[in-house]
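I set out to look up charged pairs and nonpolar surface in this entry. My notes follow the structure.

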Amino acid sequence: MPAVPQDQSYCIEIQIEDTLTQPFVVLQTAVLHSTCTGERRIRVVTMALPTTTNQSLHGSAYQVAIATKLANKAVEWSLTHKLEDARDAVFNKMVEFLTTYESSMRAAGAGASAQLAICEILKMLPVLLMGLLKNVSRDSCLCTRCTDAMVSIGRDQTERSNSS
């Protein structure tokens, strides 16, 4: 895309409301950007993705992208809600993800073992999210002042943009 840095990624969040019965689903989104000359343009991105009834899509998920998305959502939540609410939201998303993974593995006939073995590609996701929860900016301790939390959030955003 012109005038859009190539080392940045874009995340599109969708929610499926109906049962998908077609073999493909078409997603379309638009990015509003400026050209090098300052001209405003819209770039439309259209994708046709196959649908499946197979529950094993967890193996193609990207754990760093998931953790980054949840970290960005935590920053948004903490700006409009309490820091504890942002922390709880990240924790609840992690529990929801692992519960969905567990139910899909049990439905696929992986057995009813006492211990759930997460797929190789996602094994560090709980560690990444727990690290996010242990960060001082999301700490629910009363001794964490709001200024300290905002400085930590700003530092998190700066480190993420510098590492990209």
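I looked up the pair Lys 93 and Glu 96 and found that their side chains meet in a salt bridge, at 3.9 Å from N to O. I count a salt bridge when a side-chain nitrogen of Lys or Arg lies within 4 Å of a carboxyl oxygen of Asp or Glu. Lys 93 and Glu 96 are three residues apart in helix H2, and therefore separated by about one helical turn. Helices (H or I, at least four residues) are DSSP runs, numbered from the N terminus. Lys 93 is partly exposed at 37% relative accessible area, and Glu 96 is partly exposed at 45%. Partly exposed lies between buried (under 20%) and exposed (over 50%), with a 1.4 Å probe and protein chains only.

I noted that the model is predicted: local features need pLDDT of at least 70, side-chain atom pairs count only at pLDDT 80 or more, and totals for chains, interfaces and linings use all residues. Residues are numbered from 1 along each chain as its sequence is written, and side-chain values use heavy atoms, with hydrogens and water left out.

How many salt bridges does the structure hold? I found two. Arg 41 pairs with Glu 39, their closest N and O atoms being 3.2 Å apart. Arg 41 is partly exposed at 41%, as is Glu 39 at 40%.

Tyr 62, Val 64, Met 124, Val 127 and Leu 128 make a patch of about 460 Å². Such a patch joins nonpolar side chains (Val, Leu, Ile, Met, Phe, Trp, Tyr) within 5 Å, from residues with over 30% relative accessible area and no salt bridge. The areas come from the Shrake-Rupley method with a 1.4 Å probe. I located Met 124 in the loop between helix H2 (83-107) and helix H3 (125-133); Met 124 is partly exposed at 38%.

Definitions and conventions:
Patches are made of residues with over 30% relative accessible area and no salt bridge: like charges are joined within 9 Å, nonpolar side chains (Val, Leu, Ile, Met, Phe, Trp, Tyr) within 5 Å. Helices (H or I, at least four residues) and strands (E, at least two) are DSSP runs, numbered from the N terminus.
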